[in-house]
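Here is a short note to read with the structure open beside you. Take the points one at a time and find each residue as you go.

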Amino acid sequence: MSAILAIIGRDLRLAARLGGDALTLVLFFVMVGAVVPFAIGPDRVLLAQLAPGIVWIAAFLSMLLGLDRLFRADEDDGSLLLLRHAAIPLEAVVAAKLVAHWLLTALPLVVASPILAVLLAMDQATWVDTVLALLVGTPALTALGTIGAAVTVSLKRGGLLAPVLILPLCIPVLIFGVAAIGAPEGSNAAFLFLSAISLVSVAFCPFAAALALRVSGE
Amino acid sequence: MTDLASQPKPNWFSRLAHPGSFMAWSRPLVVPLAVATALLFVAGLYVGFFRAPLETENVGSTLPLLYIHVPNAWLSQFVYGAMFVAAFGTLVWRHPLADVAAKAAAPLGATFTVLALFTGSLWGRPTWGTFWEWDGRMTSTLILLFIYLGIIALWRAFEDQLKAARIVAIVTLVGGIDIPIIKFSVDWWNTLHQPASIITATGPRMAGSVFLPLLLMLLGFTLLFLTLHIVSMRTEILRRRVDSLSRQAAARGAA
């Protein structure tokens, strides 16, 4: 457990010292959301109706963009090789990196979501739903992302391939994530589905990703 | 004594699946398979167009599309099933022939999926009034096409085909989640596409005169896949031999 915490702490410290990365991602997230009104016109009623979908697409794109950083730096400087021979299994390492990556890429988006809520004329109840759906749904995106990042880690030009590979698998997250917003109180089956997808993918993906990392390193 | 004769004899499965013996036993199969495919196509189309009714109440005069659309849709999933099994062969037994089988199947599966979507949208226009509807089965088949294309892109991104095979196998196993979704989509979401009508608890839900040509076409298309798959696997094995020979020649030239 302390080894897992150490890996999470290391990734967070590295990100903090390099700086700017999380902020750039938040900027991208807000800009995608802010570009939509230019494309469809600043009609407040229409925007409020589309807002949950727009926020999800913005989060989706931001998270796919950040995928390459999951293992790339560790592969380049050789620390991935050391982590493969660490005392804890590679699956646990991937799980730790999953948590760190989620804290670095998904949590800032949730924190920045009030900006989009204001820009897209969301009311407060919808915003609360959106934050809950993002909090519950984004771990699944990160978890599936570990597979995409792991299978492309040994490719020099793997940047675009990882999103293309995992995007089809992420579609259920998008479907239930949007459906969970604005559903009536107490009967939110979509929210439960979203939680289930998240739990299953977080539990399962580290194994697939670790297998891919082992194969890539051979 | 550790010479070859004292080694345990490999079982029939290993011998059958060795790339060298595969080249030997598959060679005489290609022409008979192609002939059987052609005969089934002729028989299926003849029965479909001249012996079976050309119209039914619910689809009108577009009925013959059934004989093209259903086999392609079936193969879009069958080929993925074959790739799924091959992925196991690659990961569990590290079988070189499984690598080749998976690689040769991916473009075929993508083609059948495109044809299924294409004939489906041609069929949807006159019967449903739209080329495309975001219905459960169509959406999940479209996702299947994206998975196929991603897998093909992944194959092409690697230079080392041995490593590629194992990486692609992992992706294939993960993407396999889409196949049960396609199968049960018509039961889970009550939508436009009609529910299962061939394999049901009460037998096929269509007239025997329509079912017979459909069955012939299903068999014909499946044999078409087998023929193309074997030819494509043979090509891939030969391509790898050429590659390794030219590498050896280059190494000799450099030495």
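1. **The largest pocket.** Start with the open space. This is a predicted model, and its largest pocket is lined by 41 residues. Those nearest the pocket centre are Val70(B), Arg137(B), His193(B), Gln194(B) and Ser197(B). About 1,400 Å³ of space lies in this pocket.

2. **Which helices line the pocket.** Chain B elements that give two or more residues to the lining are α4 (66-92), α5, α6 (136-157), α8 (178-188) and α9 (208-254). Which of them gives the most? That is α5(B), with 8 residues.

3. **Chain B as a whole.** Chain B has 9 helices and 0 strands. Its pattern along the sequence is α-α-α-α-α-α-α-α-α. The chain has 255 residues, and 44% of them are buried. Now take the contacts in chain B with a separation of 6 or more: 75% of them join residues 24 or more positions apart.

4. **Thr119(B).** Look along helix α5 of chain B, residues 96-128, to find Thr119(B). Is Thr119(B) buried or exposed? Its relative accessible area is 8%. Buried means under 20%, so Thr119(B) is buried. Its side chain makes a polar contact of 3.0 Å with the side chain of His69(B). Setting aside neighbours within four places in sequence, Thr119(B) touches Leu65(B), Ile68(B) and His69(B).

5. **Gly208(B).** This residue belongs to helix α9 of chain B. Gly208(B) and Ala52(B) are 156 residues apart along the chain, yet their C-alpha atoms are separated by 8.9 Å.

6. **Helix α8 of chain A.** Move to chain A. Helix α8 there covers residues 124-151, which is 28 residues.

7. **The cavities.** How many cavities of 30 Å³ or more does the structure hold? There are 4. The largest cavity has a volume of about 60 Å³. Its lining includes Phe60(A), Met63(A), Leu64(A), Leu67(A) and His101(A). Leu141(A), Thr142(A), Gly145(A), Ile166(A) and Cys170(A) also line it. Three chain A helices, α3 (44-66), α8 and α9 (161-179), each supply at least two residues of this lining.

8. **Ser216(A).** End with helix α10 of chain A, residues 189-217, where Ser216(A) sits. Ser216(A) has 9% relative accessibility, so it counts as buried. A polar atom of its side chain lies 2.8 Å from the backbone oxygen of Ala212(A). Which residues does Ser216(A) contact, leaving aside neighbours within four places in sequence? In chain A they are Ala150(A), Val153(A) and Ser154(A). In chain B they are Lys163(B) and Ile167(B).

Notes
Residues are numbered from 1 along each chain as its sequence is written. Chains are lettered from A and ligands numbered from 1 in the order in which they are written. This is a predicted model: local features need pLDDT of at least 70, side-chain atom pairs count only at pLDDT 80 or more; totals for chains, interfaces and linings use all residues. Side-chain values use heavy atoms; hydrogens and water are left out. Helices (H or I, at least four residues) and strands (E, at least two) are DSSP runs, numbered from the N terminus. The expected span of a helix is 1.5 Å times one less than its number of residues. Buried means under 20% relative accessible area, exposed over 50%, partly exposed in between (1.4 Å probe, protein chains only). A polar contact is a pair of N or O atoms within 3.5 Å; within protein, one must be able to donate a hydrogen and the other to accept it, and residues adjacent in sequence count only if both atoms are side-chain atoms. Contact means heavy atoms within 4.5 Å. On a 1 Å grid over the protein atoms alone, a cavity is a set of points where a 1.4 Å probe fits but cannot get out, and a pocket is an open set with protein on both sides within 12 Å along at least five of seven lines; lining residues have an atom within 4 Å of a point. Grid points are joined across faces, edges and corners, and a volume is the space filled by probe spheres set on the points.
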